[in-house]
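Hi everyone, thanks for coming. Let me put today's structure up on the screen, and then I'll walk you through what I looked at.

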Amino acid sequence: MQNFLRLCFAGVVLLGAWSARGEVPIVGSGESFRIDGYFSLEFERQLEKKGRGDPNGSIDADLFDLVLNWSASDNLRLAADVTWEHGAATEDGRGNVGVEYAWAEYAFTDWARIRGGKMFTPFGIYNEIHTAKPAFLTVKEPFSTNKTDKFGMEHRLYPRWTAAVVLLGNGASGIGDWDYVVGIGNGDNEAGTANPFEEDDNKQKAFMGRIRLAPLPRLQLGGSFYSDQITEYAADEDTGKRTALLAYGGQLSWSLASPAVGIELEYVGGDRRPSSASGLPRVKSNGATAMVWWTLAERITPYARFEWLDPDTEQSRDQATLVLGGLNVKAGGGLVLKAEYDVYRAGSANGRFSEGRNKFSEIKAAAVLGF
Amino acid sequence: MTRTIRRLLVGLALLSLPTLVTAGDLVLIAHPSVKATSVPRSQAARFFLRQATTWPDGEHVKPVDQVRTTSVRQDFTRVVLKRTLAEVESFWTQAIFSGRAVPPPQKKNDDEVLAYVRDTPGAIGYVDASASLDGVKKLTLEED
(Lines give C-alpha, C1' and ligand atoms only; values in the text may rest on other atoms or scores of the structure.)
Protein backbone atom coordinates (compact mmCIF):
# COMPACT_ATOMS: atom_id res chain seq x y z
CA MET A 1 0.00 0.00 0.00
CA GLN A 2 2.82 2.36 0.97
CA ASN A 3 4.63 1.61 -2.29
CA PHE A 4 1.43 2.20 -4.23
CA LEU A 5 1.02 5.62 -2.59
CA ARG A 6 4.65 6.42 -3.35
CA LEU A 7 4.10 5.46 -6.99
CA CYS A 8 0.96 7.61 -7.15
CA PHE A 9 2.84 10.57 -5.65
CA ALA A 10 5.73 10.13 -8.09
CA GLY A 11 3.23 9.90 -10.94
CA VAL A 12 1.52 13.12 -9.93
CA VAL A 13 4.88 14.89 -9.68
CA LEU A 14 5.98 13.59 -13.09
CA LEU A 15 2.64 14.52 -14.64
CA GLY A 16 2.95 18.00 -13.19
CA ALA A 17 6.48 18.35 -14.45
CA TRP A 18 5.45 17.12 -17.91
CA SER A 19 2.51 19.49 -18.18
CA ALA A 20 4.66 22.39 -17.00
CA ARG A 21 7.41 21.82 -19.58
CA GLY A 22 8.13 24.85 -21.73
CA GLU A 23 6.18 27.14 -19.45
CA VAL A 24 7.65 30.41 -18.31
CA PRO A 25 9.39 29.76 -14.98
CA ILE A 26 7.54 31.19 -12.02
CA VAL A 27 10.70 32.71 -10.61
CA GLY A 28 13.20 34.02 -13.05
CA SER A 29 14.94 36.92 -14.64
CA GLY A 30 14.03 36.20 -18.22
CA GLU A 31 13.08 38.68 -20.87
CA SER A 32 9.31 38.56 -20.68
CA PHE A 33 8.80 37.86 -16.99
CA ARG A 34 10.98 38.62 -14.02
CA ILE A 35 10.73 38.87 -10.27
CA ASP A 36 12.84 41.19 -8.17
CA GLY A 37 12.49 42.02 -4.54
CA TYR A 38 14.12 42.37 -1.17
CA PHE A 39 13.89 41.54 2.49
CA SER A 40 14.76 44.05 5.19
CA LEU A 41 15.32 43.70 8.89
CA GLU A 42 15.61 46.83 11.00
CA PHE A 43 16.58 47.84 14.50
CA GLU A 44 15.89 51.15 16.25
CA ARG A 45 16.68 52.32 19.75
CA GLN A 46 16.12 55.69 21.35
CA LEU A 47 19.04 56.68 23.52
CA GLU A 48 17.25 59.03 25.93
CA LYS A 49 14.45 58.16 28.33
CA LYS A 50 12.03 60.69 26.84
CA GLY A 51 11.27 61.13 23.18
CA ARG A 52 9.12 59.82 20.36
CA GLY A 53 11.49 57.09 19.28
CA ASP A 54 11.68 53.44 20.30
CA PRO A 55 13.03 53.20 23.86
CA ASN A 56 12.92 49.40 23.87
CA GLY A 57 15.33 48.66 21.07
CA SER A 58 13.01 46.70 18.81
CA ILE A 59 13.77 44.30 16.00
CA ASP A 60 11.45 45.08 13.12
CA ALA A 61 10.69 42.41 10.51
CA ASP A 62 10.30 45.39 8.24
CA LEU A 63 9.50 44.22 4.75
CA PHE A 64 9.36 41.38 2.31
CA ASP A 65 8.78 42.87 -1.10
CA LEU A 66 8.25 41.40 -4.55
CA VAL A 67 8.31 43.36 -7.79
CA LEU A 68 6.81 41.52 -10.75
CA ASN A 69 7.31 42.60 -14.35
CA TRP A 70 5.71 41.00 -17.36
CA SER A 71 6.39 42.32 -20.85
CA ALA A 72 3.44 41.11 -22.87
CA SER A 73 5.01 42.61 -26.02
CA ASP A 74 7.66 45.15 -26.99
CA ASN A 75 5.15 47.90 -26.17
CA LEU A 76 3.03 46.52 -23.36
CA ARG A 77 4.24 45.95 -19.78
CA LEU A 78 2.47 44.95 -16.60
CA ALA A 79 4.18 45.67 -13.28
CA ALA A 80 3.25 45.09 -9.66
CA ASP A 81 4.94 45.63 -6.30
CA VAL A 82 3.56 43.58 -3.43
CA THR A 83 4.74 43.99 0.17
CA TRP A 84 4.38 42.14 3.43
CA GLU A 85 5.24 44.65 6.14
CA HIS A 86 6.15 44.13 9.81
CA GLY A 87 5.63 40.37 9.73
CA ALA A 88 2.10 40.65 8.42
CA ALA A 89 -0.39 38.33 10.11
CA THR A 90 -3.89 39.31 9.07
CA GLU A 91 -5.46 36.76 11.42
CA ASP A 92 -4.19 38.83 14.34
CA GLY A 93 -4.58 42.19 12.63
CA ARG A 94 -0.82 42.69 12.71
CA GLY A 95 1.42 44.17 10.07
CA ASN A 96 0.34 45.09 6.62
CA VAL A 97 -0.02 43.43 3.23
CA GLY A 98 -0.14 45.90 0.40
CA VAL A 99 -0.13 46.37 -3.32
CA GLU A 100 2.25 49.29 -3.62
CA TYR A 101 1.57 49.50 -7.33
CA ALA A 102 -0.11 47.47 -10.02
CA TRP A 103 -0.40 49.01 -13.45
CA ALA A 104 -0.21 48.40 -17.17
CA GLU A 105 1.83 50.58 -19.49
CA TYR A 106 1.70 50.94 -23.26
CA ALA A 107 4.65 52.57 -25.04
CA PHE A 108 3.83 54.45 -28.26
CA THR A 109 7.40 55.69 -28.34
CA ASP A 110 10.11 56.49 -25.79
CA TRP A 111 8.68 59.96 -25.18
CA ALA A 112 5.04 58.90 -25.05
CA ARG A 113 3.90 56.05 -22.85
CA ILE A 114 0.56 55.72 -21.13
CA ARG A 115 0.23 54.01 -17.76
CA GLY A 116 -2.91 53.22 -15.80
CA GLY A 117 -3.57 51.61 -12.43
CA LYS A 118 -2.53 52.07 -8.83
CA MET A 119 0.86 53.71 -8.60
CA PHE A 120 3.16 55.77 -6.43
CA THR A 121 2.38 59.46 -6.87
CA PRO A 122 5.18 60.64 -9.16
CA PHE A 123 6.67 63.36 -7.00
CA GLY A 124 10.21 64.33 -6.04
CA ILE A 125 13.14 62.01 -5.44
CA TYR A 126 11.86 59.50 -2.91
CA ASN A 127 8.17 58.80 -3.25
CA GLU A 128 8.49 56.16 -5.95
CA ILE A 129 11.25 54.34 -4.06
CA HIS A 130 10.12 55.00 -0.50
CA THR A 131 9.53 51.31 0.19
CA ALA A 132 12.64 50.18 -1.67
CA LYS A 133 15.30 49.85 1.01
CA PRO A 134 18.04 48.72 -1.42
CA ALA A 135 17.44 51.83 -3.54
CA PHE A 136 18.61 54.50 -1.10
CA LEU A 137 21.45 54.92 1.34
CA THR A 138 19.67 55.73 4.59
CA VAL A 139 17.59 53.47 6.83
CA LYS A 140 14.43 55.55 6.25
CA GLU A 141 13.26 57.90 3.54
CA PRO A 142 13.23 61.63 4.50
CA PHE A 143 10.53 62.64 6.96
CA SER A 144 10.59 66.32 6.05
CA THR A 145 9.75 65.88 2.37
CA ASN A 146 8.12 62.44 2.16
CA LYS A 147 6.79 61.43 5.54
CA THR A 148 5.60 64.71 6.97
CA ASP A 149 2.79 63.16 9.00
CA LYS A 150 5.51 61.56 11.15
CA PHE A 151 7.29 64.85 11.60
CA GLY A 152 4.69 67.18 13.02
CA MET A 153 2.08 67.60 10.30
CA GLU A 154 -1.44 66.28 10.45
CA HIS A 155 -1.34 65.25 6.78
CA ARG A 156 1.17 64.38 4.13
CA LEU A 157 1.95 67.09 1.62
CA TYR A 158 0.75 64.76 -1.13
CA PRO A 159 -0.61 61.19 -1.02
CA ARG A 160 1.88 58.39 -1.48
CA TRP A 161 -0.35 56.39 -3.82
CA THR A 162 -2.92 57.21 -6.44
CA ALA A 163 -5.21 55.44 -8.86
CA ALA A 164 -4.44 57.35 -12.01
CA VAL A 165 -3.76 57.48 -15.71
CA VAL A 166 -0.47 59.15 -16.55
CA LEU A 167 1.45 60.05 -19.68
CA LEU A 168 5.19 59.71 -19.31
CA GLY A 169 8.32 59.55 -21.39
CA ASN A 170 11.96 60.37 -21.74
CA GLY A 171 14.40 61.59 -24.34
CA ALA A 172 17.63 63.37 -25.08
CA SER A 173 18.10 66.85 -26.49
CA GLY A 174 20.77 69.51 -26.81
CA ILE A 175 20.22 70.57 -23.22
CA GLY A 176 20.49 67.05 -21.82
CA ASP A 177 18.51 63.92 -21.04
CA TRP A 178 15.00 64.53 -19.73
CA ASP A 179 11.97 62.67 -18.50
CA TYR A 180 8.48 63.72 -17.56
CA VAL A 181 5.20 62.45 -16.21
CA VAL A 182 1.79 64.14 -16.14
CA GLY A 183 -1.40 62.55 -14.95
CA ILE A 184 -4.90 62.67 -13.59
CA GLY A 185 -6.17 60.58 -10.71
CA ASN A 186 -8.87 60.10 -8.12
CA GLY A 187 -6.90 61.91 -5.48
CA ASP A 188 -7.01 61.22 -1.80
CA ASN A 189 -9.90 60.54 0.53
CA GLU A 190 -8.54 61.55 3.90
CA ALA A 191 -11.79 60.79 5.68
CA GLY A 192 -11.53 57.17 4.55
CA THR A 193 -15.18 56.95 3.55
CA ALA A 194 -14.31 55.15 0.31
CA ASN A 195 -11.36 53.31 -1.17
CA PRO A 196 -9.73 56.01 -3.31
CA PHE A 197 -8.17 53.34 -5.55
CA GLU A 198 -11.65 52.12 -6.42
CA GLU A 199 -14.02 55.04 -6.05
CA ASP A 200 -13.51 58.79 -6.07
CA ASP A 201 -15.46 60.55 -3.32
CA ASN A 202 -15.85 63.71 -5.37
CA LYS A 203 -15.95 64.86 -9.00
CA GLN A 204 -12.78 66.95 -8.71
CA LYS A 205 -9.74 65.06 -9.96
CA ALA A 206 -6.16 65.24 -8.80
CA PHE A 207 -3.51 66.49 -11.22
CA MET A 208 0.14 65.65 -10.91
CA GLY A 209 3.36 65.98 -12.82
CA ARG A 210 7.11 66.01 -12.70
CA ILE A 211 9.90 66.93 -15.10
CA ARG A 212 13.58 66.09 -14.68
CA LEU A 213 16.50 67.30 -16.74
CA ALA A 214 20.13 66.21 -16.71
CA PRO A 215 22.07 69.11 -18.26
CA LEU A 216 25.28 67.26 -17.36
CA PRO A 217 25.71 63.47 -17.09
CA ARG A 218 25.92 63.55 -13.28
CA LEU A 219 23.64 66.48 -12.56
CA GLN A 220 19.88 66.18 -12.43
CA LEU A 221 17.37 68.93 -11.76
CA GLY A 222 13.66 68.40 -11.31
CA GLY A 223 10.34 69.93 -10.41
CA SER A 224 7.06 68.32 -9.28
CA PHE A 225 3.50 69.38 -8.51
CA TYR A 226 0.35 67.77 -7.15
CA SER A 227 -3.08 69.39 -6.80
CA ASP A 228 -6.41 68.09 -5.55
CA GLN A 229 -9.73 69.06 -4.01
CA ILE A 230 -10.35 67.17 -0.78
CA THR A 231 -13.93 66.53 0.27
CA GLU A 232 -14.95 68.15 3.55
CA TYR A 233 -17.16 65.90 5.62
CA ALA A 234 -19.47 66.56 8.56
CA ALA A 235 -20.68 63.44 10.37
CA ASP A 236 -19.59 61.33 7.38
CA GLU A 237 -21.72 63.43 5.03
CA ASP A 238 -20.23 65.37 2.11
CA THR A 239 -20.76 69.06 2.91
CA GLY A 240 -20.24 69.97 -0.76
CA LYS A 241 -17.26 72.06 0.28
CA ARG A 242 -13.68 71.31 -0.72
CA THR A 243 -10.21 71.87 0.67
CA ALA A 244 -7.82 72.90 -2.08
CA LEU A 245 -4.53 71.07 -1.84
CA LEU A 246 -1.37 72.04 -3.68
CA ALA A 247 2.12 70.59 -3.29
CA TYR A 248 5.14 71.64 -5.32
CA GLY A 249 8.79 70.79 -5.13
CA GLY A 250 12.24 71.05 -6.61
CA GLN A 251 15.15 68.63 -6.54
CA LEU A 252 18.83 68.52 -7.38
CA SER A 253 21.19 65.55 -7.47
CA TRP A 254 24.84 65.91 -8.37
CA SER A 255 27.79 63.57 -8.09
CA LEU A 256 31.39 63.21 -9.16
CA ALA A 257 33.00 60.11 -10.63
CA SER A 258 36.25 60.52 -8.76
CA PRO A 259 36.21 61.05 -5.88
CA ALA A 260 32.77 59.40 -5.75
CA VAL A 261 31.04 62.13 -3.79
CA GLY A 262 27.51 63.36 -4.21
CA ILE A 263 24.96 65.84 -2.98
CA GLU A 264 21.17 65.73 -3.02
CA LEU A 265 18.84 68.63 -2.27
CA GLU A 266 15.07 68.59 -2.19
CA TYR A 267 12.42 71.14 -1.31
CA VAL A 268 8.68 70.54 -1.01
CA GLY A 269 6.10 73.23 -0.35
CA GLY A 270 2.48 72.73 0.53
CA ASP A 271 -0.61 74.93 0.52
CA ARG A 272 -3.81 73.66 2.08
CA ARG A 273 -6.86 75.92 1.78
CA PRO A 274 -10.05 74.70 3.48
CA SER A 275 -13.34 76.32 2.48
CA SER A 276 -14.41 79.36 4.47
CA ALA A 277 -17.41 77.35 5.71
CA SER A 278 -15.13 74.86 7.43
CA GLY A 279 -13.75 77.50 9.77
CA LEU A 280 -10.32 75.91 9.42
CA PRO A 281 -7.26 78.03 8.70
CA ARG A 282 -5.21 77.95 5.53
CA VAL A 283 -1.91 76.12 6.14
CA LYS A 284 1.28 76.68 4.21
CA SER A 285 4.19 74.31 4.80
CA ASN A 286 7.81 74.00 3.78
CA GLY A 287 10.09 70.99 3.96
CA ALA A 288 13.65 70.47 2.81
CA THR A 289 16.48 67.96 2.89
CA ALA A 290 20.17 68.21 2.12
CA MET A 291 22.32 65.12 1.89
CA VAL A 292 25.97 64.42 1.12
CA TRP A 293 27.81 61.13 0.65
CA TRP A 294 31.16 59.71 -0.32
CA THR A 295 31.51 56.20 -1.72
CA LEU A 296 34.77 54.41 -1.03
CA ALA A 297 35.90 51.40 -3.05
CA GLU A 298 32.41 51.26 -4.63
CA ARG A 299 31.02 49.58 -1.50
CA ILE A 300 31.32 51.70 1.60
CA THR A 301 29.38 54.94 1.71
CA PRO A 302 29.40 57.29 4.69
CA TYR A 303 26.53 59.78 4.46
CA ALA A 304 24.98 62.68 6.32
CA ARG A 305 21.58 64.32 5.95
CA PHE A 306 19.83 67.36 7.34
CA GLU A 307 16.04 67.52 7.31
CA TRP A 308 13.88 70.51 8.16
CA LEU A 309 10.12 70.92 8.23
CA ASP A 310 7.96 73.91 8.97
CA PRO A 311 4.46 72.37 9.23
CA ASP A 312 2.67 75.75 9.36
CA THR A 313 4.41 78.95 8.38
CA GLU A 314 1.96 80.96 10.54
CA GLN A 315 2.69 78.93 13.64
CA SER A 316 5.79 79.54 15.71
CA ARG A 317 7.82 76.88 17.53
CA ASP A 318 6.45 74.04 15.42
CA GLN A 319 9.49 73.40 13.24
CA ALA A 320 11.33 70.09 13.37
CA THR A 321 14.81 69.08 12.30
CA LEU A 322 16.61 65.79 11.93
CA VAL A 323 20.36 65.47 11.56
CA LEU A 324 21.66 62.02 10.78
CA GLY A 325 24.93 60.39 9.89
CA GLY A 326 25.48 56.83 8.85
CA LEU A 327 27.29 54.17 6.94
CA ASN A 328 25.97 52.08 4.05
CA VAL A 329 27.97 48.97 3.17
CA LYS A 330 27.32 46.79 0.14
CA ALA A 331 28.48 43.47 1.50
CA GLY A 332 28.03 41.58 -1.76
CA GLY A 333 25.45 39.11 -3.00
CA GLY A 334 22.73 41.74 -2.74
CA LEU A 335 23.26 42.25 0.99
CA VAL A 336 23.34 45.87 2.17
CA LEU A 337 24.10 46.83 5.77
CA LYS A 338 23.16 50.23 7.17
CA ALA A 339 23.94 51.86 10.51
CA GLU A 340 22.90 55.35 11.49
CA TYR A 341 22.75 57.90 14.29
CA ASP A 342 19.75 60.28 14.21
CA VAL A 343 19.24 63.44 16.25
CA TYR A 344 15.72 64.92 16.41
CA ARG A 345 14.92 68.45 17.51
CA ALA A 346 11.48 70.11 17.44
CA GLY A 347 9.77 73.19 18.76
CA SER A 348 7.38 72.84 21.66
CA ALA A 349 4.36 73.46 19.39
CA ASN A 350 5.22 70.69 16.95
CA GLY A 351 2.28 68.34 16.41
CA ARG A 352 4.25 65.12 17.01
CA PHE A 353 7.10 65.95 19.34
CA SER A 354 5.41 67.44 22.38
CA GLU A 355 7.23 69.37 25.11
CA GLY A 356 9.63 67.16 26.99
CA ARG A 357 9.73 64.61 24.17
CA ASN A 358 11.04 66.88 21.45
CA LYS A 359 14.78 66.38 21.75
CA PHE A 360 16.15 62.89 21.45
CA SER A 361 18.45 60.68 19.45
CA GLU A 362 18.18 57.19 18.01
CA ILE A 363 20.46 54.58 16.61
CA LYS A 364 19.11 52.70 13.63
CA ALA A 365 20.41 49.74 11.71
CA ALA A 366 19.18 47.67 8.80
CA ALA A 367 20.15 44.55 6.94
CA VAL A 368 18.66 44.48 3.46
CA LEU A 369 18.90 41.57 1.09
CA GLY A 370 17.93 42.39 -2.46
CA PHE A 371 17.39 39.88 -5.26
CA MET B 1 49.40 78.06 -50.95
CA THR B 2 47.29 75.44 -52.76
CA ARG B 3 49.06 72.72 -50.81
CA THR B 4 48.29 74.50 -47.53
CA ILE B 5 44.61 74.80 -48.46
CA ARG B 6 44.56 71.11 -49.44
CA ARG B 7 46.09 70.12 -46.12
CA LEU B 8 43.56 72.26 -44.28
CA LEU B 9 40.70 70.68 -46.21
CA VAL B 10 42.02 67.17 -45.54
CA GLY B 11 42.42 68.07 -41.89
CA LEU B 12 38.85 69.37 -41.68
CA ALA B 13 37.54 66.27 -43.46
CA LEU B 14 39.36 64.05 -40.99
CA LEU B 15 37.98 66.06 -38.08
CA SER B 16 34.44 65.70 -39.41
CA LEU B 17 34.73 61.91 -39.55
CA PRO B 18 33.17 60.14 -36.58
CA THR B 19 35.78 59.41 -33.95
CA LEU B 20 35.96 55.80 -32.91
CA VAL B 21 35.73 55.14 -29.24
CA THR B 22 38.71 53.33 -27.82
CA ALA B 23 36.74 50.51 -26.34
CA GLY B 24 39.66 48.42 -25.23
CA ASP B 25 39.12 44.80 -26.13
CA LEU B 26 35.38 44.81 -26.68
CA VAL B 27 33.28 44.82 -29.83
CA LEU B 28 29.72 46.00 -30.18
CA ILE B 29 27.57 43.53 -32.12
CA ALA B 30 24.02 43.41 -33.44
CA HIS B 31 21.63 41.05 -35.17
CA PRO B 32 22.15 41.08 -38.96
CA SER B 33 18.64 42.58 -39.36
CA VAL B 34 19.85 45.82 -37.78
CA LYS B 35 20.45 48.35 -40.55
CA ALA B 36 22.80 50.63 -38.60
CA THR B 37 26.52 50.13 -39.09
CA SER B 38 27.66 52.43 -36.31
CA VAL B 39 26.26 53.77 -33.05
CA PRO B 40 27.27 56.92 -31.15
CA ARG B 41 28.52 56.06 -27.65
CA SER B 42 25.78 58.00 -25.85
CA GLN B 43 23.09 56.28 -27.94
CA ALA B 44 24.60 52.87 -27.17
CA ALA B 45 24.47 53.79 -23.47
CA ARG B 46 20.79 54.75 -23.80
CA PHE B 47 20.04 51.40 -25.46
CA PHE B 48 21.61 49.45 -22.61
CA LEU B 49 19.98 51.63 -19.94
CA ARG B 50 16.60 51.20 -21.71
CA GLN B 51 16.30 54.94 -22.20
CA ALA B 52 16.03 54.45 -25.98
CA THR B 53 14.17 51.40 -27.22
CA THR B 54 14.07 51.64 -31.01
CA TRP B 55 16.60 51.65 -33.84
CA PRO B 56 16.34 54.57 -36.30
CA ASP B 57 14.21 52.40 -38.63
CA GLY B 58 11.73 51.66 -35.87
CA GLU B 59 12.85 48.13 -35.04
CA HIS B 60 12.75 47.39 -31.30
CA VAL B 61 16.16 47.30 -29.62
CA LYS B 62 16.88 44.15 -27.61
CA PRO B 63 19.99 44.84 -25.52
CA VAL B 64 21.78 41.96 -23.84
CA ASP B 65 24.26 42.47 -21.03
CA GLN B 66 26.99 40.33 -19.50
CA VAL B 67 27.19 39.39 -15.82
CA ARG B 68 29.20 41.74 -13.61
CA THR B 69 32.12 39.34 -13.16
CA THR B 70 33.26 39.37 -16.79
CA SER B 71 36.10 41.73 -17.68
CA VAL B 72 34.32 42.80 -20.86
CA ARG B 73 31.33 43.96 -18.78
CA GLN B 74 33.64 46.08 -16.67
CA ASP B 75 35.24 47.61 -19.79
CA PHE B 76 31.83 48.24 -21.34
CA THR B 77 30.50 49.91 -18.20
CA ARG B 78 33.51 52.21 -17.98
CA VAL B 79 33.92 53.05 -21.68
CA VAL B 80 30.37 53.09 -23.00
CA LEU B 81 28.12 53.75 -19.99
CA LYS B 82 30.75 56.04 -18.42
CA ARG B 83 29.80 54.82 -14.97
CA THR B 84 31.07 52.42 -12.37
CA LEU B 85 29.48 49.01 -11.92
CA ALA B 86 28.14 50.12 -8.54
CA GLU B 87 26.51 53.16 -10.14
CA VAL B 88 24.89 51.03 -12.82
CA GLU B 89 23.58 48.58 -10.23
CA SER B 90 22.20 51.46 -8.20
CA PHE B 91 20.59 52.87 -11.35
CA TRP B 92 18.82 49.55 -12.01
CA THR B 93 17.74 49.09 -8.40
CA GLN B 94 15.98 52.45 -8.51
CA ALA B 95 14.56 51.76 -11.97
CA ILE B 96 13.13 48.37 -10.98
CA PHE B 97 11.53 49.41 -7.70
CA SER B 98 10.13 52.68 -9.03
CA GLY B 99 8.70 50.82 -12.02
CA ARG B 100 10.66 52.86 -14.55
CA ALA B 101 12.22 49.93 -16.40
CA VAL B 102 13.82 46.52 -16.03
CA PRO B 103 17.43 45.75 -16.98
CA PRO B 104 18.42 43.79 -20.09
CA PRO B 105 18.88 40.03 -19.72
CA GLN B 106 22.37 39.06 -18.58
CA LYS B 107 24.47 36.30 -20.13
CA LYS B 108 27.37 34.51 -18.53
CA ASN B 109 29.89 34.80 -21.36
CA ASP B 110 30.58 35.83 -24.96
CA ASP B 111 29.19 32.59 -26.42
CA GLU B 112 25.81 33.12 -24.76
CA VAL B 113 25.72 36.76 -25.88
CA LEU B 114 26.61 35.75 -29.46
CA ALA B 115 23.90 33.09 -29.48
CA TYR B 116 21.30 35.56 -28.19
CA VAL B 117 22.25 38.30 -30.67
CA ARG B 118 22.36 35.81 -33.56
CA ASP B 119 18.85 34.55 -32.74
CA THR B 120 17.11 37.79 -31.74
CA PRO B 121 16.10 40.40 -34.34
CA GLY B 122 16.94 43.89 -33.09
CA ALA B 123 19.46 42.59 -30.56
CA ILE B 124 22.56 44.50 -29.55
CA GLY B 125 25.35 43.18 -27.32
CA TYR B 126 29.06 43.33 -26.73
CA VAL B 127 31.77 40.69 -26.62
CA ASP B 128 35.50 40.43 -26.31
CA ALA B 129 37.31 41.53 -29.47
CA SER B 130 38.84 38.08 -29.86
CA ALA B 131 35.44 36.36 -30.17
CA SER B 132 34.34 34.90 -33.48
CA LEU B 133 31.57 37.08 -34.92
CA ASP B 134 29.96 34.53 -37.23
CA GLY B 135 26.29 35.25 -37.77
CA VAL B 136 26.29 38.67 -36.11
CA LYS B 137 27.01 42.17 -37.32
CA LYS B 138 29.87 44.24 -35.96
CA LEU B 139 28.92 47.82 -35.09
CA THR B 140 31.33 50.73 -34.99
CA LEU B 141 31.19 52.68 -31.76
CA GLU B 142 31.50 56.42 -32.43
CA GLU B 143 32.50 59.09 -29.98
CA ASP B 144 29.73 61.72 -29.66
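**Chain B and its partner**

Let's start inside chain B: among its contacts between residues at least 6 apart in sequence, 71% join residues at least 24 apart. Contact here means heavy atoms within 4.5 Å.

Before I go on, some housekeeping. This is a predicted model, where local features need pLDDT of at least 70 and side-chain atom pairs count only at pLDDT 80 or more, while totals for chains, interfaces and linings use all residues. Residues are numbered from 1 along each chain as its sequence is written, chains are lettered from A and ligands numbered from 1 in the order in which they are written, and side-chain values use heavy atoms, with hydrogens and water left out.

Okay, what is chain B built from? It has 5 helices and 7 strands. Those are DSSP runs, numbered from the N terminus: helices are H or I with at least four residues, strands are E with at least two. Read from the N terminus, the order is α-β-β-α-β-β-α-α-β-α-β-β. Of its 144 residues, 47% count as buried, and buried means under 20% relative accessible area with a 1.4 Å probe, counting protein chains only.

Now the interface. On chain B, 26 residues are in contact with 29 residues of chain A. About 2200 Å² is buried between the two chains, and carbon and sulfur atoms give 47% of that. That area is the accessible area (1.4 Å probe) that two parts lose on being put together, summed over both.

How many salt bridges are there between chain B and chain A? The count is 3, where a salt bridge is a side-chain nitrogen of Lys or Arg within 4 Å of a carboxyl oxygen of Asp or Glu. E87(B) and R218(A) meet in a salt bridge through their side chains, at 2.4 Å from N to O.

Last stop: R115(A), which sits in strand β5, residues 112–120, of chain A. Is R115(A) buried or exposed? It's buried, because its relative accessible area is 7%. Leaving aside neighbours within four places in sequence, R115(A) is in contact with residues including W103(A), E105(A), G99(B) and R100(B). A polar atom of the R115(A) side chain lies 3.3 Å from the backbone oxygen of G99(B).

That's my tour, so over to you.

Methods: Buried means under 20% relative accessible area, exposed over 50%, partly exposed in between (1.4 Å probe, protein chains only). A polar contact is a pair of N or O atoms within 3.5 Å; within protein, one must be able to donate a hydrogen and the other to accept it, and residues adjacent in sequence count only if both atoms are side-chain atoms.
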